[in-house]
Amino acid sequence: MAAKPNTILALNAARARYPGAETFTFGDSRALCDRLLALVRTGAKTATCGALRDFHAEGEALPVPGRRDIALDWDGGPALVIETREVAIRRFCDIDEEFALAEVEDTSLAGWQAGHRAFFERNGGWSEDMELVCERFRLIEDLG
């Protein structure tokens, strides 16, 4: 499905305002994307993670502190801008409760583990020792 002209214009404008920004989408479904964007907008969600293998496979640049990136809505339009505060590579089994709760996707480490295990199983596979790119960020601008 091709992006709508207004979506392309809005994304180009956001890229012009934030040169060097990468673009990404939270989650792997419209419902999850919408939920996570809403959590960032309220200030509740201040962390995220992804499988390190996906960055290598897709040629995507790893986040770096100070970089501002554009989170897209499910249709590819710019939704918000975040600034990376810190990045760490950790194994799934080494994620602690403090980081898990900063993702605000569940109310316990066990819930985070179950939800993320299911997510990674749907998206290329899961293992206890898989490496994750763990990012802490802050909201810079809501573009929605």
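How many nonpolar, polar and charged residues does the lining of the largest pocket have? Here are some friendly notes on this predicted model, starting with that pocket.

1. **The lining by class.** Sorted by class, the lining of the largest pocket has 14 nonpolar residues, nine polar ones and 14 charged ones. The lining is made up of 37 residues, and the pocket itself has a volume of about 800 Å³.

2. **Where the lining comes from.** If you want to find the pocket on screen, look for T25, G27, C49, G50 and F119, which lie nearest its centre. At least two lining residues come from each of β1 (23-25), α2 (30-41), β2, α3, α5 and β5. Helix α5 gives the largest share, with seven residues.

3. **Helix α5, end to end.** This helix runs over residues 109-122, 14 residues in total. From first C-alpha to last, α5 reaches 20 Å, close to the 20 Å expected at 1.5 Å a residue.

4. Which residues of α5 are buried? They are G111, W112, H116 and F120. These residues cover an arc of only 155° around the axis, so they sit on the same side of α5. The face turned away from that buried side carries the exposed residues A110 and R122.

5. **What α5 packs against.** The partners of the buried α5 residues are β2 (47-51), α3 (52-58), α4 (97-103) and β5 (131-142). Among these partners, β2, α3 and β5 also each supply at least two residues of the pocket lining.

6. **On either side of α5.** Just after the helix comes G124, with a positive phi of about 110°. In the loop between α4 and α5 you will find V104. Is V104 buried, partly exposed or exposed? Its relative accessibility is 25%, which is why V104 counts as partly exposed.

7. **Helix α2.** Here there are twelve residues, reaching 16 Å from first C-alpha to last, close to the 16 Å expected at 1.5 Å a residue. Buried in α2 are L32, C33, L36, L37, L39 and V40. Seen down the helix axis, they fall within an arc of 160°, so they line one face of α2. They pack against β1, β3 (68-72), β4 (78-91), α5 and β5. After α2 comes G43, whose phi is positive, near 90°.

8. **A38 in α2.** Another residue of α2 is A38, which is partly exposed because its relative accessible area is 39%. Along the chain, A38 and A79 are 41 residues apart, and their C-alpha atoms are separated by 10.0 Å.

9. **T7 in α1.** Helix α1 covers residues 5-17 and includes T7. At 17% relative accessibility, T7 falls under the 20% cut-off, so T7 counts as buried. Which residues does T7 touch, leaving aside its neighbours within four places in sequence? T7 is in contact with D75, G76, G77 and P78. Of these, P78 is 71 residues from T7 in sequence, yet the two are 7.7 Å apart in space, C-alpha to C-alpha.

Key: Residues are numbered from 1 along each chain as its sequence is written. This is a predicted model: local features need pLDDT of at least 70, side-chain atom pairs count only at pLDDT 80 or more; totals for chains, interfaces and linings use all residues. Side-chain values use heavy atoms; hydrogens and water are left out. Helices (H or I, at least four residues) and strands (E, at least two) are DSSP runs, numbered from the N terminus. The expected span of a helix is 1.5 Å times one less than its number of residues. Buried means under 20% relative accessible area, exposed over 50%, partly exposed in between (1.4 Å probe, protein chains only). The arc is that of the directions from the helix axis to the C-beta atoms. Contact means heavy atoms within 4.5 Å. On a 1 Å grid over the protein atoms alone, a cavity is a set of points where a 1.4 Å probe fits but cannot get out, and a pocket is an open set with protein on both sides within 12 Å along at least five of seven lines; lining residues have an atom within 4 Å of a point. Grid points are joined across faces, edges and corners, and a volume is the space filled by probe spheres set on the points. Ala, Val, Leu, Ile, Met, Phe, Trp, Tyr, Cys and Pro count as nonpolar, Asp, Glu, Lys and Arg as charged, and the others, Gly among them, as polar.
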